[in-house]
Amino acid sequence: MLDSVHLLFALLWCGSLIGAALSAVALTRLRSSSGPGRGELIGVLRLFAGLAVTSVLALVLTGILLAGQSGRTVDSLLLSTFGHILLVKTGLALLGGLIGWSSHRRLRRSVA
């Protein structure tokens, strides 16, 4: 059950990321040709932000629970293939979080 919830939120986040990216590209092209304001693009990014934060929090919580079931010791984290994959995923998640936080700060600064 926990695997299914984890996968559901991963798919929700990935799908919304693709949708937000395609919308941002379309709005950027429209802005350059017909001149709608920057507000639509910021609105799309704000809508994505709410869904993204919810999805990532659910992914972190279910990921911690799943990791606790599979690797309960430091040895299993450092010496197993599962542990190596988990460390890589954690590093990528932290990198993605830094990029998201940076984007959030830029978005808030551009609105103010």
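Student: In which helix does Leu-87 lie?

Tutor: Leu-87 lies in helix α4, residues 81-111. A helix here is a DSSP run of H or I with at least four residues, a strand is a run of E with at least two, and both are numbered from the N terminus. Please note that this is a predicted model, in which local features need pLDDT of at least 70 and side-chain atom pairs count only at pLDDT 80 or more, while totals for chains, interfaces and linings use all residues. Residues are numbered from 1 along each chain as its sequence is written, and side-chain values use heavy atoms, with hydrogens and water left out.

Student: How many helices and strands does the chain have?

Tutor: There are four helices and zero strands, and the order from the N terminus is α-α-α-α.

Student: Why is Leu-87 called partly exposed?

Tutor: Buried means under 20% relative accessible area and exposed means over 50%, with partly exposed in between (1.4 Å probe, protein chains only). Leu-87 has 40% relative accessibility, so the residue counts as partly exposed.

Student: Which residues make the nonpolar surface patch?

Tutor: Val-74, Leu-78, Leu-79 and Leu-87 make this patch of about 410 Å². Patch residues have over 30% relative accessible area and no salt bridge; nonpolar side chains (Val, Leu, Ile, Met, Phe, Trp, Tyr) are joined within 5 Å, like charges within 9 Å. A salt bridge is a side-chain nitrogen of Lys or Arg within 4 Å of a carboxyl oxygen of Asp or Glu. Helix α3 (residues 74-79) gives the most to the patch, with three residues.

Student: What makes His-84 partly exposed, and with which residues is His-84 in contact?

Tutor: His-84, in helix α4, has 42% relative accessibility and therefore counts as partly exposed. Contact means heavy atoms within 4.5 Å. Leaving aside neighbours within four places in sequence, His-84 is in contact with Leu-77, Leu-78 and Leu-79.

Student: How do you know whether Ser-55 is buried or exposed?

Tutor: The relative accessible area of Ser-55 is 0%, so Ser-55 is buried. Ser-55 belongs to helix α2, residues 39-70. Apart from neighbours within four places in sequence, Ser-55 is in contact with Phe-9, Leu-12 and Trp-13.

Student: What is the class of Leu-47, buried or exposed?

Tutor: Leu-47 lies in helix α2; at 68% relative accessibility, Leu-47 therefore counts as exposed.

Student: What makes the charged end of Arg-105 sit over the ring of Trp-101?

Tutor: A charge sits over a ring if NZ of Lys or CZ of Arg is within 6 Å of the ring centre and within 35 degrees of the ring normal. The charged end of Arg-105 sits over the ring of Trp-101, 5.0 Å from its centre.

Student: What share of the residues in the chain is buried?

Tutor: Buried residues make up 14% of the 112 residues. Of the contacts with a separation of 6 or more, 62% are accounted for by residues 24 or more positions apart.

Conventions
Accessible areas come from the Shrake-Rupley method with a 1.4 Å probe; for residues, only the protein chains shown count as cover.
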